[in-house]
Amino acid sequence: MLHSAAQRLASRLITAVACAYSAISLTYFRWGMGYGLTAAACMLAVIAAHYVSMRAGLRGERPALHPLPLVLQAVITYLPDVLLPAGWSAVTAPLLAGTLLVFLPLPWGCALVVCMMLYEGSALWSGAELFVVTAFYVLTVPITGAMTYALVRLTRVTAELQQARAELAEAAVLKERLRISRDLHDGLGRSLTAIALKGDLAARLIGRDPAAARAEVGELVQVAREAAQDVRQVARGYRAMSLSGEADRAAALLESSGVSVQVHLADVTLPPKSEEALAWAVREGVTNVLRHSRATTCTITTSAHGARVRLEIANDGVPTQTPPASAPAPITGPAAEPTTGPTTGPTTEPTTGPTTGPTTEPTTGPTTEPTTGPTTEPTTGPTTEPTTGPTTGPTAEPTTASAAGPAVATGPGAAGGGLTGLAERAAQAGGTCTATRTDGGFVLAMEVSA
């Protein structure tokens, strides 16, 4: 079925040309009824074969039983020359030329059309006085064939353009969906994490320090309003982000969560895409520190190296030895004295010393051996299995670690959906993004063009 306007127009023009040549074949009735009926039957067969081929060509396909229709049209074009007078093939050869150019490789089709022209010229030559008539019939072969080929190609190119437009529209919709998904993940992740942390802190403070609890609730409301503004900006597709602004907000959020923060930003003017990519990296990195790690310190640093700027977000939220899932997090600081009985209540204040993070759950049993410091035994081989305890780094995916150096999250999903989005943003800014686990810490690095 022909769908597009171009296909319908091309089909009508080709049909009109075939009908015009059919009218010429009716002149054979002047030689007698027998010649006229033979010419009419041959013309109907030519038109039928031509129609089948052209209909398939307009759809970008080959006709059924190809090349049988092409061979049949060629036979009916030239066989009647021995039965009918006055050069029958001069009437039907132009239609055959179009079929040859459409369905054969163009060099082969052009070569056959030239042969047809030479044949028609020799068959119709009747002296110099009829040169114009001979030239007319000879030239109709390439002209009609080229017109038919151009109509079919124009139709196919139009159909391909329509398909490309549909694919581009679908890709644009998919890209917009991915943008909204990525912006919601990266933008709201930090805000929702901050709301949860401040809500928990306010709940713990409301009984003993109502003023501090009210302050936390006020900050929670402000974060919620910022989150609502972020959603509106995502819907409008406009998000103006600055690296310094995100670094300031990240520092305030981390410090309110009990994490010591140091921010060192190089005084470099960045292109908008590069600055936006680094700002998203700060937001995602801080979100992962709060959500997935037990960090006590975090540093946000930028440095210029020629035409490149490198951002590093480092934290100490990954211990050198991960505890089992059923055991509490090890304490490596002054609280390492042995516990002789069960703890009577949960620790509600975040630890700001050298412990690996705030302990928010009560100890469920006595600790039989003191922890005297961080684990110092070297790893004897590469650890390739995922940890079974609580995730202590920015990602919850398994990483490959070895005693010889840091481990880098590998695989398309190793860094998580947020870090995958950061890698895409970095690529758009002409840079790269890596997430590396170190001994007792985690480093998120992004390098973009300055």
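Contact here means heavy atoms within 4.5 Å. With that settled, here is a quick tour of a predicted model, in which local features need pLDDT of at least 70, side-chain atom pairs count only at pLDDT 80 or more, and totals for chains, interfaces and linings use all residues. Residues are numbered from 1 along each chain as its sequence is written, and side-chain values use heavy atoms, with hydrogens and water left out. The protein has 10 helices and six strands; these are DSSP runs numbered from the N terminus, helices being H or I with at least four residues and strands E with at least two.

**The overall picture**

- Of the 450 residues in the protein, 36% are buried. Buried means under 20% relative accessible area, exposed means over 50%, and partly exposed is in between (1.4 Å probe, protein chains only).
- Take the contacts between residues at least 6 apart in sequence: 69% of them join residues at least 24 apart.

**The nonpolar cores**

- A nonpolar core is a set of buried Ala, Val, Leu, Ile, Met, Phe, Trp, Tyr and Cys residues joined through side-chain atoms within 4.5 Å.
- The largest one has 35 residues, and the members that touch the most others are L254, L278, V282, V286 and M446.
- Two or more residues each come from α8 (243-256), α9 (272-292), β2 (297-305), β3 (308-315), α10 (416-428) and β6 (441-449). Helix α9 gives the largest share, nine residues.

- Helix α9 runs for 21 residues and reaches 30 Å from its first C-alpha to its last, close to the 30 Å expected at 1.5 Å a residue. The expected span is 1.5 Å times one less than the number of residues in the helix.
- Because 15 of its 21 residues are buried, α9 is largely enclosed by the rest of the structure.
- E276 lies in this helix, yet E276 is partly exposed, with a relative accessible area of 28%.
- The C-alpha atoms of E276 and L243 sit 6.9 Å apart, although 33 residues separate the two along the chain.

**The α4 and α5 pair**

- Helices α4 (residues 89-103) and α5 (residues 106-124) pack at an angle of about 170°, with axes 9 Å apart. Axes are lines fitted to C-alpha atoms, for helices over the stretch in contact, and angles run from 0 to 180 degrees between N-to-C directions.
- On the α4 side, the residues involved are S89, A90, A93, L96, A97, L100 and L101. They meet L106, G109, C110, L112, V113, M116, Y119, E120 and L124 in α5.
- The residues of this contact divide into 13 nonpolar, two polar and one charged. Here Ala, Val, Leu, Ile, Met, Phe, Trp, Tyr, Cys and Pro count as nonpolar, Asp, Glu, Lys and Arg as charged, and the others, Gly among them, as polar.

**The loop between α2 and α3**

- Most residues other than glycine have a negative phi, and most peptide bonds are trans.
- A cis peptide bond joins H66 and P67, with omega about 10°. P67 is found in the loop between α2 (33-58) and α3 (68-78).
- L65 is in that loop too. Its phi is near 65°, a positive value in a residue other than glycine, and L65 counts as exposed at 65% relative accessibility.

**Polar and charged residues worth a look**

- T155, in helix α6 (residues 131-205), is buried with a relative accessible area of 1%. Beyond neighbours within four places in sequence, T155 is in contact with A6, Q7, A10 and L58.
- E216, in helix α7 (residues 210-236), is buried as well, at 12%. Apart from neighbours within four places, E216 is in contact with K198, L201, A202 and L205.
- T434, in strand β5 (residues 432-438), counts as partly exposed at 37% relative accessibility. Leaving out neighbours within four places, T434 is in contact with V443, L444 and A445.
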